[in-house]
Amino acid sequence: MIEGRARQVLPMSKALREIGCEVTTYNGSRLDPGYASKYPHRKLLAYCDAHDSEGSYEAIRTELEKYHYDIVIPMNDDVAIILSKHKAELEKLTTIHVNDWELFTMASDKLKTMVACMKHHLPCPKTYLNLEDFAADKANVRYPIVCKPRTGCAAVGFYVAKDEQDLVDYYKKAESKYGPCLIQEYIPQDGLQYKAELYIDRNGEMKAACVFAKVRWYPIDGGSSTLNETVDRPDIVEDCRKLLEAIGWRGYADIDLIEDTRDGRAKIMEINPRITGSVKICFEAGVNFAKMIIDDYLQKDVKPQFEVKHKYLRYMHTDVLWFLRSKNRFSCKPSWFSFKNTTDQIFSWSDLWVFFAFTLQGFAKLSKDKKKRTL
C-alpha cells in the first residue's frame, strides 16, 4: 500500500492481514501511520513526492522490480494519479488497483463529473466550465456562487464569491495557483454533507455501499470531517450507482454529496477515485472493502455487503480544533463529550504507538495545510 502517511492505511492493513495477506507499506517517514502501525509485515522507507511525480514513479517502479507484489493499492490522490498514469507499464510487474488513466482523470475532474451527472439527470449543482461559460448565462446567476479547482480534495481552493467582481478576481488568482477551475451553483450550507463508499466488481455489479454523514468538519467554514455517522440513504446509493455505471467504473469509489435543503435532495459534488481517509467507519459498520478488493483480484465471487451498522467515527486530532473554533461546541448533537458507539480514526489500544507518531507528524501538516488554503 502506497503511501503509508494516509490514515486509511490503518484499517486497510489490519483487514488485509486478518484475511491472510502479507502486507507491505511504502512510507516517507517513520512517523507515518503505515510505518508506526504493528499490522504491516514489511515497512519500507522510500521516496514519494507529490511535486515530483516522475521521480516518485521511478522509485515505485524500482521497488516493484526488486520484490514481487501481487497487488498494489494507492492510499491517497497523489499516488493514485501516479499509478493510474503509469498503469500500463507497471502492470507488467504487478496488479494495480486503480482504474485506467482515461477513466481515472474523468472521475477525478469535478467538471467532467458534473457533466456526466447532468447528462444522466442525476442531482448535482448547476456548473459552468469557465468564466466564458459563466458570462454567457450570468443574467440567470444567483449569488453567492462557488469557485473551486477542478481537481483536488479537502476543500482546498474552495471559495464562495458574493458578486460577479468578487468571482472574477478570485477565479484569476485561483487558476494561477490551482490550475483549471470551475464555477458552480452555491448549495446552502445548512444541509448535511455525505460520503458514499461503493464497490463495483470486475463484472460491473455493485457489491457494497456504505453511506455516512459528516456531522462535524474542520475548518468549520468547509473542510474534512471530524465526526462521521453511518446513515440509511438508499436514494444516495442509487444515484451514486447510476453515476458509476454510466462512466464504467470498477473497484472502490468515494463520492461526496451535500443535501440541498431547498429540495431535500443530496447533490453529487465529486468522485474521489481512491480509498477515503474515513473508510474505517465502513469496516466498523461491517463492510470489508479490503476483502472485496482481494476477492476481485483472485477472480472469486465478491459477496454483497449492504447491511450497515450504526456507527460514529471520530478524528480526534481535528475534532479538538473544531471544538476550539465552533460556537456550537456545547450544543452540538451528538455531544462533543459523547463517545458512545464511536471509534477514533487513529487511536487504538491495540496499536497505540500510531496515535503518538501521527500527532507529532500532524503539527507540521497543519501548518502546511494553512498555507495551501491561502492565495
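Asparagine 341 is partly exposed, with a relative accessible area of 33%; buried denotes under 20% relative accessible area, exposed over 50% and partly exposed the range in between, with a 1.4 Å probe and protein chains only. The structure is a predicted model, in which local features need pLDDT of at least 70 and side-chain atom pairs count only at pLDDT 80 or more, while totals for chains, interfaces and linings use all residues. Residues are numbered from 1 along each chain as its sequence is written, and side-chain values use heavy atoms, with hydrogens and water left out.

Although not a glycine, asparagine 341 has a positive phi of about 55°. This residue belongs to the loop between helix H13 (316-325) and strand S15 (342-344); helices (H or I, at least four residues) and strands (E, at least two) are DSSP runs, numbered from the N terminus. A positive phi, near 65°, is also found at glutamine 299, again a residue other than glycine. Glutamine 299 is placed in the loop between helix H12 (289-297) and strand S14 (312-314), and counts as exposed at 56% relative accessibility. One joins isoleucine 2 to glutamate 3, with omega at about -5°, and glutamate 3 lies in the segment before helix H1 (9-18). Another runs from tyrosine 143 to proline 144, with omega near 5°; proline 144 is in the loop between helix H8 (131-136) and strand S6 (145-149). Most residues other than glycine have a negative phi, and most peptide bonds are trans.

Across the whole structure, 14 aromatic pairs were found. Rings of Phe, Tyr and Trp (its six-membered ring) pair if their centres lie within 6.5 Å, with planes under 30 degrees apart counted as stacked, over 60 as edge-to-face and the rest as tilted. Phenylalanine 330 and phenylalanine 337 form a stacked pair, 6.4 Å from centre to centre and with 15° between the planes; both residues are exposed. Phenylalanine 347 and tryptophan 349 instead form an edge-to-face pair at 5.0 Å and 80°. Of these two, phenylalanine 347 is partly exposed at 27%, whereas tryptophan 349 is exposed at 72%.

Phe330 and Phe337 also belong to one aromatic cluster with Phe323 and Trp336. Arginine 314 lies over the face of tryptophan 336, at 4.5 Å from the ring centre. The charged end of arginine 314 is likewise over the ring of phenylalanine 339, 4.6 Å from its centre. For such an arrangement, NZ of Lys or CZ of Arg must be within 6 Å of the ring centre and within 35 degrees of the ring normal.

Arg314 also takes part in the lining of the largest cavity, together with Arg216, Leu227, Tyr312, Pro334, Ser335, Ser338, Lys340 and Thr342. A cavity is a set of points, on a 1 Å grid over the protein atoms alone, where a 1.4 Å probe fits but cannot get out; lining residues have an atom within 4 Å of a point.

Technical notes. On a 1 Å grid over the protein atoms alone, a cavity is a set of points where a 1.4 Å probe fits but cannot get out, and a pocket is an open set with protein on both sides within 12 Å along at least five of seven lines; lining residues have an atom within 4 Å of a point.
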